[in-house]
Amino acid sequence: MIDHRYLATNPSIWTGRIDGETYDVFRWHQKVQVVNLETEEMPTLQEGESGVAIIGFMCDEGVKRNNGRVGALDGPYAMRKVSANLPVHFPESVHLLDLGNIQCVDEDLEGAQEALGKVIEMVLTKGYRPLVWGGGHEIAYAHYLGVNAYMNKVHPGKRLGIINFDAHFDLREPNPLPSSGTPFYQIAQKQQEQNKSFNYLVIGIQKNSNTQKLYDTANELNVKYITGRRLSEADKVGTTHKLSAFLDSVDFVYQTTCMDVFAAHYAPGVSASAYNGVEPNPTFMRLFKKVYKSGKVISSDIAELNPRLDIDKRTAKLAAALSFEIVKA
């Protein structure tokens with residue numbers, strides 16, 4: 001059961017340009033079906049149909065605990081606004097739902113994470129692919145809880161891989177509370193408790209954004225990573241081989257993108273901007289699309305969009321462009 005205290009609906013913000021009423025000129029706002037989980041059931045997928053379910057995570061309590069710049073709780077609203085006019089480039093048989101938001105109540109990060117996990121488990125069980133818009137990167141542990149519960153029931157024994165486009169490992173130990181800097185350490189511990197392997201690949205790592213302790217932890221946990229420098233140098237052979245090897249080693253993928261992986265002039269609206277972050281250039285997009293072309297991604301999210309710090313909606317528009325590729329795939 002989903003605790004309704006954590007559910008929050010959005011006002012009707014799926015509005016935008018209308019070029020006509022034929023499907024070839026549709027935009028997302030004409031395709032999205034809003035579902036209120038407090039009163040409605042998700043539509044049942046019929047044979048030959050598929051679907052993506054958008055969920056907002058209105059929470060930056062983890063960022064606050066991590067001494068970051070708050071404001072990412074408004075990210076899901078901004079994402080809906082900038083995504084409304086995206087063109088539809090997927091078949092009519094693909095449903096696009098908006099399930100509203102999970103919100104953090106009274107600084108109860110853990111409760112919000114558990115609630116989001118239950119929604120994600122439900123969405124996957126019903127045959128949809130979740131696309132979660134954050135919210136701080138504490139979204140990752142919540143997302144994992146849902147994916148893990150689903151896999152335990154439906155795909156026991158299968159190997160889950162996590163691919164994170166991020167400047168940071170986010171492998172800190174809770175001290176004492178979890179935060180936006182601890183989710184993948186928490187996931188590693190949970191996997192160990194269940195006698196499962198921890199398969200984690202980070203793409204875009206910046207050395208000046210991670211302590212030596214974090215590198216040591218990554219090595220101890222056998223974390224794979226590709227540096228932002230290698231992406232900037234367009235190391236096509238090395239990066240492609242490493243990603244391919246990781247994809248071959250797992251059965252399913254949970255993919256998460258932290259918007260602070262990008263250089264500040266592309267993504268100023270994040271809790272911890274990086275002057276030397278990666279560019280959303282062809283090298284980056286080739287890797288991003290390769291993840292989805294594998295056919296192994298079952299759930300995705302985009303974290304750390306902070307509209308309060310954004311300039312000309314640059315970060316939101318970049319996040320929307322990534323979401324476009326996710327849904328199109």
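Predicted model: local features only at pLDDT ≥ 70, side-chain atom pairs only at ≥ 80, totals over all residues.

Residues are numbered from 1 along each chain as its sequence is written, and side-chain values use heavy atoms, with hydrogens and water left out.

Select helix α7, residues 212-220 (helices are DSSP runs of H or I, at least four residues, and strands runs of E, at least two, numbered from the N terminus). Its buried residues are Leu214, Tyr215, Thr217 and Ala218 (buried means under 20% relative accessible area, exposed over 50%, partly exposed in between, with a 1.4 Å probe and protein chains only). The face turned away from them carries the exposed Gln212, Lys213 and Glu220. Covering the buried residues are, among others, α6 (183-193), β7 (199-205) and β8 (224-227).

Next, centre on Thr217, whose relative accessible area is 7%. Thr217 touches Leu171 and Tyr185, not counting residues up to four places away in sequence (contact means heavy atoms within 4.5 Å).

Now select Arg80 and Asp98, which form a salt bridge with closest N and O atoms 2.8 Å apart (a side-chain nitrogen of Lys or Arg within 4 Å of a carboxyl oxygen of Asp or Glu). Arg80 is buried at 0%, and Asp98 is buried at 3%.

Finally, select Glu121 and Lys153, a salt bridge at 3.0 Å between the closest N and O atoms. Lys153 is exposed, at 55% relative accessible area.
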